[in-house]
Amino acid sequence: MSKAKFGVVVFPGSNCDHDAYNTLKHILNQDTEFLWHKEISIGDRNVIVVPGGFSYGDYLRCGAIARFSPVMKDVVRHASNGGVVIGICNGFQILCESGLLPGALIRNESLKFVCKNVTLNIENKNTIFTSAYSGNGNVTPGKMVVPVAHGDGNYICDEDTLKSLNENGQVVFRYEDCPNGSIDSIAGIINKEGNVLGMMPHPERASESIVGGSDGKYLFESVINSLN
Amino acid sequence: MYSAKIKVTLRKSILDPQGKAVEHSLQSLGFNNILDTRIGKYVELKIDTKSDEEARLVTDEVCKKLLANQVMEDYEFEVVSINGK
């Protein structure tokens, strides 16, 4: 298997791109580069992070315009060939808009922007995004504490989709105490093939103790382990 | 030239939290006969074409491709000729 080469996509309005870059490059010492949204190719990058923020000012719908950015065509191609893609927060919204993940994210039930730490239950540890959480002494078994910061994180999908998400182990993370009204307290899902992850909480903002917690780091370690 | 007037709303089956908040506010203002409030988006397009049919086809395509996310939204539209204006 090839070594992980991370590409962090940057849209106008991304604001978690540097958090992702810092975690991957400086905490985990990985080969990491930014990918400007106007690039037509992801080059030699083999793990794509679509970061959080407010791409295109959330105009029309969150993620609706970013999904048509030039780079996304190649990200979709990469994902269709089994390549690893991680969408966080606005990135999750963009992956849903792109059709890489099922469902959609609408306004929080409370209508309020929520910004706080949440506890997630890790529902599926047998994924390339969660394997490092098994038996890791540094985290509460089966759980992770990471921040959320979103106004539109209320995950919805139709009943058939929900059924298949549950049956196929595609619900990777659930909120212990749901902050936004998401159906079945869903916080993060993978596609059927298991190579694309979308989640509203921010693991990249909780990857070193100086920022209040490092539970998020194991998500990226899992991906690195799966490739090396 | 045609003008398309497009309405995009959350699907009926999806709870509209904005609509609910406005509905509660209207009720607290004394409008007790208001039973349901849904909030959506309104989009106007000018389309450079000579045919009504073409204007409809284009409008439907842009709704499907960008203006509405059919996982969560429904859309409806009307097109009117604005020739000579």
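**Exercise 1.** In what order do the 3 strands of the open sheet in chain B stand, and is the pairing parallel or antiparallel?

*Solution.* This is a predicted model: local features need pLDDT of at least 70, side-chain atom pairs count only at pLDDT 80 or more, and totals for chains, interfaces and linings use all residues. Residues are numbered from 1 along each chain as its sequence is written, while chains are lettered from A and ligands numbered from 1 in the order in which they are written.

Step 1. Find the elements. Chain B has 2 helices and 3 strands. Helices (H or I, at least four residues) and strands (E, at least two) are DSSP runs, numbered from the N terminus. From that end, the elements of chain B run β-α-β-α-β.

Step 2. Pair the strands. Two strands pair if DSSP finds at least two bridges between them. Strand 1 (residues 2–10) and strand 3 of chain B are joined by 9 bridges and run antiparallel. In this pair, Lys5(B) stands opposite Glu78(B) in strand 3.

Step 3. Read the order. It is 2-1-3, with antiparallel pairing. Strand 2 (40–47) and strand 3 (73–81) of chain B are at the edges. Each has a single partner strand, so one side of each lacks a neighbour in the sheet.

**Exercise 2.** How many residues of chain B are in contact with chain A?

*Solution.* Step 1. Count both sides. The contact joins 8 residues of chain B to 10 residues of chain A.

Step 1. Find the main contributor. Helix 1 of chain B gives the largest share of the chain B side, 3 residues.

Step 2. Sort by class. The chain B side has 6 nonpolar, 2 polar and no charged residues. Here Ala, Val, Leu, Ile, Met, Phe, Trp, Tyr, Cys and Pro count as nonpolar, Asp, Glu, Lys and Arg as charged, and the others, Gly among them, as polar.

Technical notes:
Two residues are in contact if their C-beta atoms, placed from the backbone, lie within 7 Å.
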